[in-house]
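Have the sequence and the 3D view at hand as you read.

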Amino acid sequence: MIIDCHCHAGKGDLLIGPWNTNAPIEIYLKRAKAAGIEKTVIFSPFHSNYQQANANTARIAARYPGRFLCFATIHPQRDRDRIYRLVQQAVTQWGFCGIKAHRMDGPATRELCEAARTFRLPILYDPVSETDVVELLASEYPDVNFIIPHLGSFADDWRAHLRVIDQIARFPNVYTDTSGVRRFDYLVQAVQRGGVHKILFGSDGPWLHPALELHKIHLLGLSSWQEALVLGKNLLRLIEGRKTPYLVKPNHTVLH
């Protein structure tokens, strides 16, 4: 089974760019189906209220039973002092199985990591090239798994790629995803140094085409069992025990 570990879904509430305006999941689903992608991790685009945004993510998942896995998006600074409650709601009410945070919202915090530890969730944290902090996260929270997307930089920062390659090799709890990585040889290095058990396939859909991103994995020339790890089994291992069915119903009124 092929699982895309990185896809945005739903509306943002700003109008600065696609990343905070709209992530239409319908066009992604057509492309993913054609590519053979059977499950997808979804989370909200940038939003000014992630409690509402996570509820929107839950509603989208409820429209497609069994198709999506959901991560709760958290603003490490704005949601300070209520992160535990937001994560608890996402896990217990909607069956979410991970946390998404982004450096553009704010740097990762102890409160964020403590919530992940409590609920045994992986954190998909985009450091926006500030990969030095991954050293602190991984060493201070060795029992929390961190997925660093884009090899540390969506902006093609090769130095960030190299640091993350080194980090997935040194820290047992640091992983990366392949979404949006343009310099192919860094993916080759990540496999060679970190190992196939530390790489997760991701597309950064719906804005990036999932079939194009998936083709990069096939071009790595992995054996069938290695490719199976990258294309889904590694993610399943990270969320093991958290694949609870969604409790929310379509048209369910969510918390405000």
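## Strand E6 and its neighbours

Let's begin with a bridge: Lys100 has Leu124 in strand E7 as its partner. This is a predicted model. Strands E6 and E7 (residues 123-126) run parallel and pair over four bridges. Together with helix H4 (residues 110-119), E6 and E7 form a β-α-β unit that is right-handed.

E6 also pairs with strand E5 (residues 68-73), again in the parallel sense, over three bridges. Here Ala72 has Ile99 of E6 as its bridge partner. To get from E5 to E6, the chain passes through helix H3 (residues 83-94), in a right-handed β-α-β crossover.

## How enclosed is E6?

Strand E6 (residues 98-102) has five of its five residues buried, so the rest of the structure largely encloses it. If you look at the side chains, Gly98, Lys100 and His102 point one way, while Ile99 and Ala101 point the other way, and all are buried.

## The cysteines

How many disulfides does a search of the whole structure find? The search finds zero. A disulfide needs two cysteine sulfur atoms within 2.5 Å. For Cys70, the closest cysteine sulfur belongs to Cys97 and lies 7.2 Å away, so the two are too far apart for a bond. Cys113 is in no disulfide either, and its nearest cysteine sulfur, that of Cys97, is 18 Å away.

Are Cys70 and Cys113 buried or exposed? Cys70 counts as buried, because its relative accessibility is 0%. Cys113 is buried too, with a relative accessible area of 0%.

Conventions: Residues are numbered from 1 along each chain as its sequence is written. This is a predicted model: local features need pLDDT of at least 70, side-chain atom pairs count only at pLDDT 80 or more; totals for chains, interfaces and linings use all residues. Side-chain values use heavy atoms; hydrogens and water are left out. Buried means under 20% relative accessible area, exposed over 50%, partly exposed in between (1.4 Å probe, protein chains only). Helices (H or I, at least four residues) and strands (E, at least two) are DSSP runs, numbered from the N terminus. Two strands pair if DSSP finds at least two bridges between them. A crossover is right-handed if, with the strands pointing away from the viewer, the path from the first strand over the helix to the second runs clockwise.
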